[in-house]
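Biologist: I have a new model open on my screen, and I would like to understand the labels attached to it. Could you walk me through them?

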Amino acid sequence: MAEDLFVGWLESFKGSWRVVAGQNPAYDQFPCQYQFFYRGKAKGSFWYEPVFQVKTLEGQLVWRRRKYRVRRGKVPGTFYFSVLDNGVVSNEFWTIVDVADNLSWGLFHYRGAARVAGQSYTGAVLVSPDGAFPNDRERTKIVAALDKCEIKEWELYTVDNCSCIDPPLGIPEGSSLHTIVQIEVPK
């Protein structure tokens with residue numbers, strides 16, 4: 001079920017989630033962040049692919065994509081991510097902190113380190129289906145979720161989602177989305 005929370009809106013929208021804001025300025029400066037969570041072709045495999053824009057030294061915005069392998073943690077709602085980025089392997093531990101019952105928003109917390117660089121980092125991302133802030137009625141719940149991570153609302157950096165033209169979206173052919181849970185009704 002926790003994987004299904006990550007998969008989120010993938011069947012209905014252009015991605016599982018859009019990043020609204022995040023706590024780590026190194027990652028949350030990138031505009032137009034789409035998140036894709038999906039099950040791979042191999043049994044039990046699960047993947048995360050963020051798609052985002054990067055501003056080049058020449059001032060152009062170009063699309064980038066990373067592919068993370070995801071493994072379940074021992075505690076439900078926790079996951080281990082690994083990625084090879086520019087020749088450096090990074091390992092991250094993610095927690096699903098909270099997701100609204102109607103999937104109007106979610107808060108995911110992560111901490112990680114680049115193996116050879118010895119650099120560690122933490123952060124959190126507030127997500128929604130369309131990249132817009134959830135309505136004011138949800139604010140109390142979001143602040144409570146942030147408190148669980150010891151993050152204050154004012155520490156979040158807003159992601160610029162206003163100029164997201166022609167993003168390279170989609171998941172690999174043969175991948176699957178949500179798990180279908182079979183429930184037997186006692187007779």
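Modeller: Gladly! Let's begin with E5 and E6: strand E5 (residues 68-72) and E6 run antiparallel and are joined by 4 bridges. Please keep in mind that this is a predicted model, in which local features need pLDDT of at least 70, side-chain atom pairs count only at pLDDT 80 or more, and totals for chains, interfaces and linings use all residues. Residues are numbered from 1 along each chain as its sequence is written, and side-chain values use heavy atoms, with hydrogens and water left out.

Biologist: What makes E5 and E6 a pair?

Modeller: Two strands pair if DSSP finds at least two bridges between them. E5 and E6 have 4 bridges, so they pair. One example is Arg69, whose bridge partner in E6 is Ser82. The hairpin of these strands has 5 residues between them, and Gly77 there takes a positive phi near 85°.

Biologist: How do you know that E6 also pairs with E7?

Modeller: By the bridges again: E6 and E7 are antiparallel over 8 bridges. Ser82 has Asn91 as its bridge partner in E7. Here the hairpin has 2 residues between the strands, and Asn86 in the turn has a positive phi of about 55°.

Biologist: And what joins E3 to E4?

Modeller: E3 and strand E4 (residues 61-65) run antiparallel with 5 bridges, and Val54 stands opposite Val62 in E4. Their hairpin has 5 residues between the strands, with Gly59 at a positive phi near 90°.

Biologist: How many helices and strands does the protein have?

Modeller: There are 3 helices and 10 strands. These are DSSP runs, numbered from the N terminus: helices are H or I with at least four residues, strands are E with at least two.

Biologist: Why is Leu5 called partly exposed?

Modeller: Buried means under 20% relative accessible area and exposed over 50%, with partly exposed in between (1.4 Å probe, protein chains only). Leu5 has 30% relative accessibility, so it counts as partly exposed. Leu5 sits in helix H1 (residues 2-7). Across the protein, 45% of the 187 residues count as buried.

Biologist: Which residues does Leu5 touch, beyond its neighbours within four places in sequence?

Modeller: Leu5 is in contact (heavy atoms within 4.5 Å) with Trp17, Ile96, Val99, Leu103 and Phe108.

Biologist: What makes a space a pocket rather than a cavity?

Modeller: On a 1 Å grid over the protein atoms alone, a cavity is a set of points where a 1.4 Å probe fits but cannot get out, while a pocket is an open set with protein on both sides within 12 Å along at least five of seven lines. Lining residues have an atom within 4 Å of a point. The largest pocket holds about 640 Å³ of space, where volume is the space filled by probe spheres set on the points, joined across faces, edges and corners. Its lining has 25 residues, with Tyr27, Phe30, Tyr68, Asp85 and Glu92 nearest the centre.

Biologist: What classes of residue line the largest pocket?

Modeller: Its lining has 16 nonpolar, 5 polar and 4 charged residues. Ala, Val, Leu, Ile, Met, Phe, Trp, Tyr, Cys and Pro count as nonpolar, Asp, Glu, Lys and Arg as charged, and the others, Gly among them, as polar. The second largest pocket has about 160 Å³ of space, and its lining divides into 6 nonpolar, 2 polar and 3 charged residues.
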